[in-house]
Each structure stands twice: as structure tokens, then as C-alpha cells.
Amino acid sequence: MASRCFTSFSLVCFHRFSATNNSMGTVALFSHTFKPQNYRRSFFTSVSSPLYRKPLKTSFQVRSVAIPAETVAGFDEMVSGSQRKYYMLGGKGGVGKTSCAASLAVKFANQGHPTIVVSTDPAHSLSDSFAQDLTGGELVPVEGVDSPLFALEINPEKAREDFRTAGQKSGGSGMKDFMDSMGLGMLADQLGELKLGELLDSPPPGLDEALSISKVMQFVESQEYSRFTRIVFDTAPTGHTLRLLSLPDFLDASVGKILKLKKKLTSATSAIKSVLGKQETRQDASDKLEQLRERMAKVRDLFRDSDTTEFVIVTIPTVMAVSESSRLHASLKKEGVFVQRLIVNQVIPPSASDCKFCGMKRKDQMRAIDMIKNNSELSGLRLIQAPLVDMEIRGVPALKFMGDMVWR
Ligand SMILES: Nc1ncnc2c1ncn2[C@@H]1O[C@H](COP(=O)(O)OP(=O)(O)OP(=O)(O)O)[C@@H](O)[C@H]1O
């Protein structure tokens, strides 16, 4: 019985594989080890060591997966046009955001779009998903796709450090010491009241995310990366994402205040500055803050531009996840963020009903899917069902497999 249970998988030897999408809407990966008598297909992925040094090639057997005919994402529309588009995938922790984001990026790249996939989740799993080391805060080329695909795991600590340095130079302790020595301590105290230092020492939840996205803007705005026509964001779990939406306004205001004071200070001390020859350094710092503020404003606008940006909610068919998705959609709507697709991931396929546990679990899942259909927040969204497969989605071949199931 156990061997017939959907959740089982087994290791087989390494083989060449191919993917099919047959007339029954059934997607399967198979290799030369395909054995029709037990409906099993074998599939391989790269499993590398934790340090991503030398990939060990292993393969898993996966049952063929039936995809309900009505669950079409409308990928044709997503892929059409060479104008740059942004897709942000978000939802509750562990529902498959990274797998969906990475598989979408692979699919875009394989359809001819130079693509960047970015993780702004402080607990990154993009490296694990691609089975490739993407840490380091730089764009890393992903191997095994047809068009350029670059991945980036933002290092929030580093982004925060950059911000802290800019803040300190313009309004933090360095500036205060300088102002004190110039007899302008009162103005320096005014800067202190802005509590920028405090903000950076104990940042509110979501600040990392905001800084990360602002960092991404540096990449996407630069001429060097202008050829990338699809940018996919793997965002942090729901709570962070929601707080993030209100953060750019808050930071915009804080940085704006600092810059205003900075201007006052600049004119008050212009004579002294020229004597000390410090003008250039401080002007640089001020420029950096101004740039940061502009980027924050762009992040805010980017989230709300329905022509270029879409937020895709990812969920699983459980009452708790559906309730959270409903709240997420309500909040996104309130913030003016465009949402039209909802992925229900890890749906147990009907073929698993020969396993009693899976059959019961599937019934439970169907109730959660009914809940989505009757939920006023979610019922209007395009519902994309993605089946639970009996292997971990890892490495480009696995992501391609997933992409062909989800993004149709
Ligand atoms: N459809 C699926 N079938 C089987 N396994 C899946 C499926 N989707 C995702 N998984 C697996 O579930 C695990 C969690 O997926 P993933 O990392 O994509 O979720 P996440 O929402 O990004 O998680 P986190 O919130 O922790 O970042 C991974 O091991 C992934 O391989």
C-alpha cells in the first residue's frame, strides 16, 4: 500500500529526462527508466552539498500528475510584449512562493525574456530552489536556461548598513560631533529628534524588505540591466509584505525631513565648510540620502502601477492559509496593488485517492478550495491549481517541470 501512496518517492539511477504535456492535460517527466506497469516516471534533479560545491546527480520517481483543465494561469498574456513587467509573488510562509517565483522566472527565460529573479525574503531559499549558490548580494547567472536568467538574494544586513552609513554621514553621530565642534549643537539635536539612529538600531519589521527592494531598484534602473524584460520578486511572508506597503511613505517622510534640515545646515555652515574643505564629502552623503528617498518613492509607485506590476498571491488549500490570503488580498486592494491571480499550490491530485490518508486529505483540501470560491475577497481572482508532487522542487529541470504545470 505504501508504495502506491502518492506521497512516496524513491531514488533511482541518473538518466536523461524529458517532459510531456499530453492530451489528457497530464504532465509528467520521464526517462529511460519509465515503467508503464506501475505508472511511475523517473525524474532527476541536481542535489548539491550545502555549500553548493559539487552537484550530486540523483533522480526521483514521480507519479504523473493530472492538472484540472480549468486551472490556466493565462501565461500567454504574462509573456506577451517586450515592455518590462514586474511580478511579485507573496503569501503565507512555506506555501511555495519561492518555487512558484523561480519556476515563473525559468519559464520567462525559456520563452525568450531576459529575466531577473530576486529574493527579498530575509530567510532566502532561492539558492536552495535553484540548487545553486546565489548568496552575496550580486546578480548571479542561472545555468540551464535558454535566455539570460539572473538571480539575486538581497543581503538585508548589507542594505541596512548602506542606509546607516548614509544616515550617519548626513544626520547621525558623525554629523552631530561635527556640528557640536562648530557650535551648532542645537541644530544637531534637532537632527537627533528624528530618531534615525534608533530606527536603524531596532528597525521596524519590514524595513529590511523595503531597503532590499530599494536596492533592487539600483539594479533594474541601471543601463547595464536595461535588457531585462521580466523581473520576478520572491517576497517575504505576508506580514512583512503588508508592512512593507506602508513603509516607503514613512521612510520617504523621515528622509525628507533629514534632507530639509540638511539644507538648512548646509547654508548655515557654508562659510565654515569651504574653509574646512569638507563640502564634497558631505554633499556625497546628502546625494546618497536623496537617491535613497527617490528610490523609496519609486518602490511605492512600482507596487501600485497596474500596467507594469502584478502581485500574485500563493496559497495552499487549508482553511488557515485561505483566511490569510483573503486578508492579504483585502490589504493589497486597499493599498491599490493590482492582483488578479491566486495560485493554490500543493493540491493532492484525484489519482491519489487509492491512498486512504491522501483521499481524506484531498477531501479536506477540496473544502478549502470551495471556501476560496465562496470568499468575497478571493472568488474574483483567477484560480490556478498546482498539484502536490512527490518530490522536492529543486534545480532548473524541476523548476521547468513545475513551471509547465503552473504557468500555462
Ligand atoms: N507543488 C509542490 N509539490 C511538492 N512540493 C512542493 C510544491 N511546492 C513547493 N514544494 C516544496 O515545499 C517546500 C517549500 O517551498 P518554498 O520554499 O517554495 O515555499 P515558500 O513559500 O517560499 O517558503 P518560505 O516562506 O519559507 O520562504 C520546498 O521544499 C518545495 O520544494
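## Disulfides

A disulfide is a pair of cysteine sulfur atoms within 2.5 Å. In this predicted model, the count by that rule is 0 disulfides. C100 is buried, with a relative accessibility of 0%. C355 is also classed as buried, at 6% relative accessibility.

## Salt bridges

The whole structure contains 8 salt bridges. One of them pairs E377 with K333, where the closest N and O atoms lie 3.2 Å apart. K333 belongs to helix α12 (residues 319-334), while E377 sits in the loop between α13 (356-374) and β14 (382-387), so this pair ties together parts that are 44 residues apart in sequence. K333 is partly exposed, its relative accessible area being 48%.

## Pairs within helices

D364 and R367 form a salt bridge with an N to O distance of 3.4 Å. The two residues are 3 residues apart in helix α13, which puts about one helical turn between them. Their accessibility classes are as follows: D364 has a relative accessible area of 40% and is partly exposed, whereas R367 has 54% and is exposed.

In helix α14 (residues 396-406), K400 and D404 are 4 residues apart, about one turn of the helix. Their side chains meet in a salt bridge at 3.2 Å, N to O. K400 is partly exposed, with 35% relative accessibility.

## A buried aspartate without a salt bridge

D234 lies in strand β11 (residues 230-234). This residue is buried but has no salt bridge. A salt bridge requires a side-chain nitrogen of Lys or Arg within 4 Å of a carboxyl oxygen of Asp or Glu. For D234, the nearest side chain of opposite charge is that of K97, at 5.9 Å.

What does the side chain of D234 make a polar contact with? The partner is the side chain of T98, at 2.8 Å. Apart from neighbours within four places in sequence, the residues in contact with D234 are L89, K97, T98, A101, V118, S119, T120, D121 and L126.

Conventions. Residues are numbered from 1 along each chain as its sequence is written. This is a predicted model: local features need pLDDT of at least 70, side-chain atom pairs count only at pLDDT 80 or more; totals for chains, interfaces and linings use all residues. Side-chain values use heavy atoms; hydrogens and water are left out. Buried means under 20% relative accessible area, exposed over 50%, partly exposed in between (1.4 Å probe, protein chains only). Lys and Arg count as positive and Asp and Glu as negative; His and the chain ends are not counted. A polar contact is a pair of N or O atoms within 3.5 Å; within protein, one must be able to donate a hydrogen and the other to accept it, and residues adjacent in sequence count only if both atoms are side-chain atoms. Contact means heavy atoms within 4.5 Å.
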